[in-house]
Amino acid sequence: MRIGIDVGGTNTDAVLMDGARVVSSAKTPTTANVSEGIAKAMRKVIADSGIDSAAIDGVMIGTTHFTNAVVERKRLTPTACIRLGLPATVCLPPMVDWPQDLRDLVGGESHLAHGGHEFDGREISAYQPDEVRDIAVRIRDAGLDAIAISSVFSPVNASFEEQTAEIVREAIPDANITLSSEIGRIGLLERENAAIMNSCLRGLAARTVDGFKAALDELQIRAPFYISQNDGTLMNADFAKEYPVLTFASGPTNSMRGAAFLSGLRDAIVVDVGGTTTDIGVLQHGFPRPAALAVDIGGVRTNFRMPDTYSIGLGGGSLIQSEPLKVGPQSVGYELTSKALVFGGDVLTATDMIVAGGSEVIGDVGAVSGLDADLVAATQARIMEMIAIAVDRMKTSATPVPVIVVGGGSILVTGEIEGASEIIKPEHFPVANAIGAAIAQVGGECDRIFSLAEMNRDDALNQAKAEASERAVNAGAAPESIEIVDVEEVPLAYLPGNATRIMVKAIGDLAGAPPSVSSMNGGN
């Protein structure tokens, strides 16, 4: 049996699954101490099911903890950056495009050194080990141990980054080092930004993962646990400590994977309505459609893998303003169950309007019976308009497509959505995010530029597939279960040497997972 958990800004959702069957589920308010909320949710699903905790063979956790740290500018470690590329790239130093407040908080030091490669692997300039040693000593003397290392076109050749990491560890044995080639894609600044962000989050990641483990120990759960990645797959706890940025946007991703599993659809639009926001994403072959452009995280452009999602300030706790009519983006958030009118509070929320309209019976219906009928109808129409506009924004054509509605706030969807061929609200829709975490497999990917003037296409594809498979295994996948689920080739006409960008995604079952888990994913 597996427990899937998704920690959101408002609620912590948990499900206990036996193969493809949902045994029990729980939705509890998210606590300031995330581990306490997780323990409470797990305790509830175990108690409701009556099972022995020894029967649990895996716990899968999705969390917004690391995204929130960047957005809120909290719990971030000052980080030094070493970039290899002189004499190129001088005009755009590291963190040049970061918001000033975040740069002041994170930007310990930045250093430029010789090295780097062209797209085809040729050196820009000779690597100088002594230059790097001097930089490492300066970083050590500054009292910094979080270090991001980037090199021009390192996804093509990462040797200079790897050499630099070895030299830095000689000077700073306990250094927390992130190589940009292990996280980001083509594009120096965005890849470097992702590496810096990863390094500044590693201290928090270690504390958070240890907190998750403490919550499991408290409940005497000895099963291994995994963290959701933002591509719909999992990584083991140790891998999550090393690469916390890969959890960014894992919440909407879990909801999309859960929606695919519950509905049986592999291609659709998913509308996930929470307490504060509504996230809209697109399913392609059962997985979230990846973002094609650089993604902004807390004001910083990054280019590591992220799902293509669109969020609007609409949720069950959204505040309602009558003159003029306005729904959200302000929200009571996790205080919905104490502040909304139907729960004895004094704040008019979107949930109150839905109950007043008769679509749902929640809490004290009499508390909203006196609301103006015209205002209630206008609010419901505005909510549906906001959702329809967001869905239309995510579509790539005018052709109607299926829309799957999930999330605890999906009671807000009370009518037809323009542009939808059908609206599906599957069973267990309130906890689709936790189900998405529970059913996930382990993934790895490769995104590199190959010069087909130096190797043939088949060799390039095989090399990319091998690299993606290796990364999946390192994240916790069973080697014999690995399969390639996506291959994309993009010829780069503006580069010489018949250059082609190859992107490969591999997924596999958890190492040691029971057969029921493996077969469960096959239906998606």
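Me: In this predicted model, which loop holds Pro87, and what is omega for the peptide bond from Leu86 to Pro87?
Reply: Pro87 lies in the loop between β5 (79–86) and α3 (100–106). Most peptide bonds are trans. The bond from Leu86 to Pro87 is cis, and its omega is near 5°.

Me: Which residue in the loop between β7 (146–151) and α5 (159–171) deserves attention, and what is its phi?
Reply: The residue in that loop is Phe153. Most residues other than glycine have a negative phi. Phe153 is not a glycine, yet its phi is positive, at about 55°.

Me: Into which domains is the chain divided, and what distance separates the centres of domain 1 and domain 2?
Reply: The chain is divided into domain 1 (80–202), domain 2 (266–428) and domain 3 (441–508). Taken over C-alpha atoms, the centres of domain 1 and domain 2 are separated by 41 Å.

Me: How much area is buried between domain 1 and domain 2, and which residues of domain 1 lose the most?
Reply: The contact joins 14 residues of domain 1 to 11 residues of domain 2. About 930 Å² is buried between the two domains, with 58% coming from carbon and sulfur atoms. On the side of domain 1, 55% of the buried area comes from the three residues that lose the most, namely Arg185, Glu190 and Met197.

Me: At what N to O distance do the side chains of Glu190 and Arg301 meet?
Reply: The side chains of Glu190 and Arg301 form a salt bridge. The N to O distance in this pair is 3.0 Å.

Me: At what angle do helix α1 and helix α6 cross?
Reply: Two packed helices are described by the distance and the angle between their axes. The axes of α1 (residues 34–49) and α6 (residues 188–218) come within 9 Å. Their crossing is right-handed, and the angle is roughly 35°.

Conventions: Residues numbered from 1 in each chain as written. Predicted model: local features only at pLDDT ≥ 70, side-chain atom pairs only at ≥ 80, totals over all residues. Heavy atoms only, no water. Axes fitted to C-alpha atoms, helices over the stretch in contact; angles between N-to-C directions. Helix = DSSP H or I, 4+ residues; strand = E, 2+ residues; numbered from the N terminus. Left-handed = near helix turned anticlockwise from the far one by under 90°. Domains from an automatic or database assignment. Contact = heavy atoms within 4.5 Å. Buried area = accessible area lost by both parts, 1.4 Å probe. Salt bridge = Lys/Arg side-chain N within 4 Å of Asp/Glu carboxyl O.
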